[in-house]
Amino acid sequence: MDAYRVGNRQAFNVAFRKLGLDCANWSEPVYLDLVRKCSGDEERMLNLYFNRIGWPTSLPTNERGPFIKSVLREKKNALDEFVMSKSSPLRPGVESFIDDAYQEGIPLVIVTAYGKSGDEIARSIIEKLGHERISKVKIVGNEEVKRSFYGQLVTNKGLSSGSDEQIAKEAIKAVSAEKQKIAEDVASVLKLSVEIDTGSSESLEKTVAALRAGAEYAGVPFQNCVLIAGNQTGVAGAERIGMPCIVLRSSLTSRAEFHSAKAIMDGFGGADLTISKLRQKKWS
């Protein structure tokens with residue numbers, strides 16, 4: 001679902017109303033102009049907009065930052081409600097893409113574990129596919145990642161025998177070494193000496209775990225899978241483990257660059273992404 005194309009502007013207007021900002025309302029031309037001038041950065045969009053029309057008179061200058069955060073928080077809540085509603089549409093062609101994959105015997109996994117929207121909201125979107133089509137795919141969320149062999153290995157849970165514990169310890173050492181290598185690579189570029197901050201790579205680790213678990217549930221080596229990603233989070237995770245990746249642009253990422261992606265496409269079917277192109281590896 002391209003939630004930002006079909007619901008983001010409306011979600012901002014809901015947020016404005018909930019906060020009593022009666023003077024604020026984004027028509028489509030206003031919204032598109034803000035997106036273009038701010039490259040989709042929503043904090044910048046709000047700052048530019050209120051600089052134009054004037055900030056709420058009762059708002060002190062030093063509270064503009066928290067005010068912007070409150071607007072974005074209300075906007076996210078409104079957008080979550082919108083994407084979960086029955087009226088919000090899926091991307092055109094996605095049902096046919098799933099059907100074609102199933103008919104050709106290609107295992108299809110929908111990974112919800114690392115998405116920004118959260119596992120629950122992602123699953124509510126998947127329900128729009130209908131029971132029959134959902135039965136053709138595997139869904140990998142947070143719980144599935146935890147139960148996967150890779151998930152248990154890196155957390156050292158569920159492995160009780162001496163040999164398994166040793167394997168887990170070696171895996172954890174490898175993960176730690178990988179973290180340190182990332183830090184050293186960055187440090188060499190910046191000509192700084194740093195020690196790894198384990199929190200800074202948490203998002204990447206979560207993505208990597210989700211992708212490895214997805215490949216595990218598909219029964220396919222991860223390097224033989226293809227990730228169809230919608231944002232930089234998935235692209236970075238795929239690049240980290242050497243999984244080929246194709247990006248489907250959304251209205252939010254229409255101007256973004258994804259240098260490590262094999263291809264960047266606008267949607268499913270026709271001149272864009274099809275099972276036939278995946279089979280033949282016609283990325284461009």
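Leaving aside neighbours within four places in sequence, with which residues is Arg91 in contact? In this predicted model, where contact means heavy atoms within 4.5 Å, the residues concerned are Met1, Asp2, Leu248, Arg249, Ser250, Asp266, Gly267 and Phe268. Residues are numbered from 1 along each chain as its sequence is written, and side-chain values use heavy atoms, with hydrogens and water left out. As the model is predicted, local features need pLDDT of at least 70 and side-chain atom pairs count only at pLDDT 80 or more, whereas totals for chains, interfaces and linings use all residues.

The protein chain contains 13 helices and 5 strands; helices (H or I, at least four residues) and strands (E, at least two) are DSSP runs, numbered from the N terminus. Of its 284 residues, 37% are buried, that is, under 20% relative accessible area, with exposed meaning over 50% and partly exposed lying in between (1.4 Å probe, protein chains only). Among contacts with a separation of 6 or more, 56% join residues 24 or more positions apart.

Arg91 is located in the loop between helix 4 (64-84) and helix 5. Arg91 is buried but has no salt bridge, and Asp2, the nearest side chain of opposite charge, is 4.8 Å away. A salt bridge is a side-chain nitrogen of Lys or Arg within 4 Å of a carboxyl oxygen of Asp or Glu. The side chain of Arg91 does reach the backbone oxygen of Asp266, at 3.4 Å.

Helix 5 (residues 94-103) has Val94, Phe97, Ile98, Asp99 and Ala101 as buried residues. These pack against helix 7 (131-134), strand 3 (227-229) and helix 13 (275-280). Gly105, which follows helix 5, has a positive phi near 75°. Asp99 also forms a salt bridge with Lys136 (3.1 Å, N to O). Lys136 lies in the loop between helix 7 and strand 2 (138-140) and Asp99 in helix 5, so the pair ties together parts that are 37 residues apart in sequence. Asp99 is buried at 16% relative accessible area, and Lys136 is partly exposed at 22%.

In total, 12 salt bridges are counted. Lys69 and Glu43 form one of them, their closest N and O atoms being 2.9 Å apart. This pair links distant parts of the chain, with Lys69 in helix 4 and Glu43 in helix 3 (residues 42-53), 26 residues apart. Another salt bridge joins the side chains of Asp33 and Arg36 (2.8 Å, N to O). These two residues are 3 apart in helix 2 (residues 28-38) and therefore separated by about one helical turn. Asp33 is buried, with a relative accessible area of 17%, while Arg36 is partly exposed, with 47%. Asp33 and Arg36 also belong to a network of salt bridges that includes Lys37 and Arg52.

The 17 residues of helix 11 (residues 202-218) should span 24 Å at 1.5 Å a residue, and the end C-alpha atoms are 24 Å apart, which agrees; the expected span is 1.5 Å times one less than the number of residues. Buried residues of helix 11 include Thr207, Val208, Leu211 and Ala213. Just after helix 11, Gly219 takes a positive phi of about 75°. Arg147, in helix 8 (residues 142-147), is 66 residues from Ala213 in sequence and 8.7 Å from Ala213 in space, C-alpha to C-alpha.

Methods. Lys and Arg count as positive and Asp and Glu as negative; His and the chain ends are not counted. A polar contact is a pair of N or O atoms within 3.5 Å; within protein, one must be able to donate a hydrogen and the other to accept it, and residues adjacent in sequence count only if both atoms are side-chain atoms.
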